[in-house]
Amino acid sequence: MRIRAHVRSTGAAPSRWRLLLDLWLIARPASWLVSLVPFYVGHLLATRRLIAGQEQCLPPGHRCLPELTPVLTGLVVWGPLVWLAVLAINDACDLDGDRRNPRKEDAPLVGGRLSVREALVAAHLTAAAALLVAATVRLSFALVTLGFLALGWLYSVRPPRLKDRPGFDVATNAVGVGGLAVLAGWTVVRPIAGFPWIMIVEGVLVATALYIPTTVTDYKADVASGYTTIAVRLGPRAAYRLGLAAWTASCALAVVLAATGQVFPERVFWVQAVSAPLLVAVYHRYLGRAREPEQVVHGIVVVSWVFLVPYLVFVLVYTGTI
C-alpha cells in the first residue's frame, strides 16, 4: 500500500504541473500586452506619470505601496486573469475548427491534454477571480472588467457567437482592447468621471486596424472550418482596405487632437502631422500584400514599433518629462 501510494503521489505532481503548463499556454502570455499597453495608456492619462507611483517611490520607499497596490492589482486582472478566462472559453468553443488549423496543432485541447469541460471550468473560475480581485480596487474598475469578460463570452459562445458574425467580430475585439482596456487603466486609479472619451474612439480605431490583419492570417483555416469572419465575408483584400481606413482615421484623429490641444499637447502637433503619412505608408507596405501568417505577424510587429515612436513623444510631453 505504501508503494502504491508513493506511485500515485509522484504521478500526481507531474499531472498538476502539466495542467498548470497547459493553462499557461491557453492564457497565451504574449497576448497580455494587447491589453496591458492600452491599460498603461489609460493609467498615464489619469495620472500624467510615466511610471506608476514614481513620485511616492522616492525616499522613504514604503510610501509607494498605496499607489502601486491598485496598479499591480490591475496588471494581474488585465493580464493573466482576464486572458485565461476569455481564451479558455474561446478554445473550448473553437475546438472543431482548431483541429483543422495547422497553427493550433500543439494547443492543449487539440492535443487532448485538456478536455472541453476542464477548459470551461478554468474559464469560469478565472473570470470569477478577476471580478473579485477587481472589486477590491473600486466598483467602476470591476464593471469595466466585467464588460471585457462579457465581450469575450459573446465572441465565443453560441448562440451570439460574434466571432461568426462579420463586423461584430472586429467590433468585439476593438471595443474590448482599444476601449475598455484604456478605461480600465484610468479607473484603476481614478473614478470614471473626467475620462477623455475621445480616446476611446482613437483606441478603437487603432485596435480595429491591428485586429483585421489577424483575420487574414486565419482566412484559409476559417474558410475550411465554416467560420464567417470579416476576412471570409469581404475577402482578404477588402478586409485589408477596411483596416487601412481605420488606421488612416486614427492617424488623422491624432493630428486633429494635437492641433486643437485636446488630450494631445499642442507641442506634439508637428510630430503627429509628420508621422501620420509615414504610419499609413508603413501599414500599406507591410500589411497590404501580407497573406501568409508569418507575413501578417511580421507586418503587425513592424507597424506597431513604428507607431510607438510618435506616441512615445506624446507620452514624454504629456507627463512633462520633456
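User: How many cavities of 30 Å³ or more are counted here?
Analyst: This is a predicted model, so to speak of local features a pLDDT of at least 70 is needed, side-chain atom pairs count only at pLDDT 80 or more, and totals for chains, interfaces and linings use all residues. Residues are numbered from 1 along each chain as its sequence is written, and side-chain values use heavy atoms, with hydrogens and water left out. A cavity is a set of points on a 1 Å grid over the protein atoms alone where a 1.4 Å probe fits but cannot get out. By this rule, the number of cavities of 30 Å³ or more is 2.

User: Which helix gives the most residues to the lining of the largest cavity?
Analyst: The largest cavity holds about 50 Å³ of space, a volume being the space filled by probe spheres set on grid points joined across faces, edges and corners. Its lining residues (those with an atom within 4 Å of a point) are Ile 212, Pro 213, Val 216, Tyr 240, Leu 287, Ala 290, Arg 291 and Val 296. Helices are DSSP runs of H or I with at least four residues, numbered from the N terminus. With 3 residues, the most to this lining comes from the helix at residues 198-217, H8.

User: And which element has the largest share of the lining of the second largest cavity?
Analyst: About 30 Å³ of space lies in this cavity, and its lining is made up of Glu 202, Ser 250, Cys 251, Ala 254, Gln 272, Leu 279, Phe 307 and Tyr 311. Two or more of these residues come from each of H11 (236-260), H12 (269-287) and H13 (293-318). The largest share, 3 residues, is that of H11.

User: At which residue does H12 bend?
Analyst: H12 has 19 residues and spans 26 Å from its first C-alpha to its last, close to the expected 27 Å (1.5 Å times one less than the number of residues). A bend is the angle between axes fitted to the seven residues ending at a residue and the seven starting there. Here the angle is about 30 degrees, and Pro 277 follows within four residues of the bend, which is at Ser 275.

User: What do the buried residues of H12 pack against?
Analyst: Buried means under 20% relative accessible area, exposed over 50%, and partly exposed in between (1.4 Å probe, protein chains only). In H12 the buried residues are Gln 272, Ser 275, Ala 276, Leu 279, Val 282, Tyr 283 and Leu 287. By contact (heavy atoms within 4.5 Å), these buried residues pack against H8, H11 and H13.

User: Is Thr 172 buried or exposed?
Analyst: Thr 172 lies in H7, residues 168-187. Leaving aside neighbours within four places in sequence, Thr 172 touches Leu 151, Tyr 155 and Leu 162. Because its relative accessibility is 8%, Thr 172 counts as buried.

User: Which two residues does a cis peptide bond join?
Analyst: Look at the loop between H6 (139-156) and H7, where Pro 159 is found. Omega is about 15 degrees for the cis bond joining Arg 158 and Pro 159.

User: What is the relative accessibility of Arg 161?
Analyst: Arg 161 also sits in the loop between H6 and H7. Its phi is near 40 degrees, a positive value in a residue other than glycine. Arg 161 counts as buried because its relative accessibility is 3%.

Definitions and conventions:
1 Å grid on protein atoms, 1.4 Å probe; cavity = no way out; pocket = protein on both sides within 12 Å on 5 of 7 lines; lining within 4 Å.
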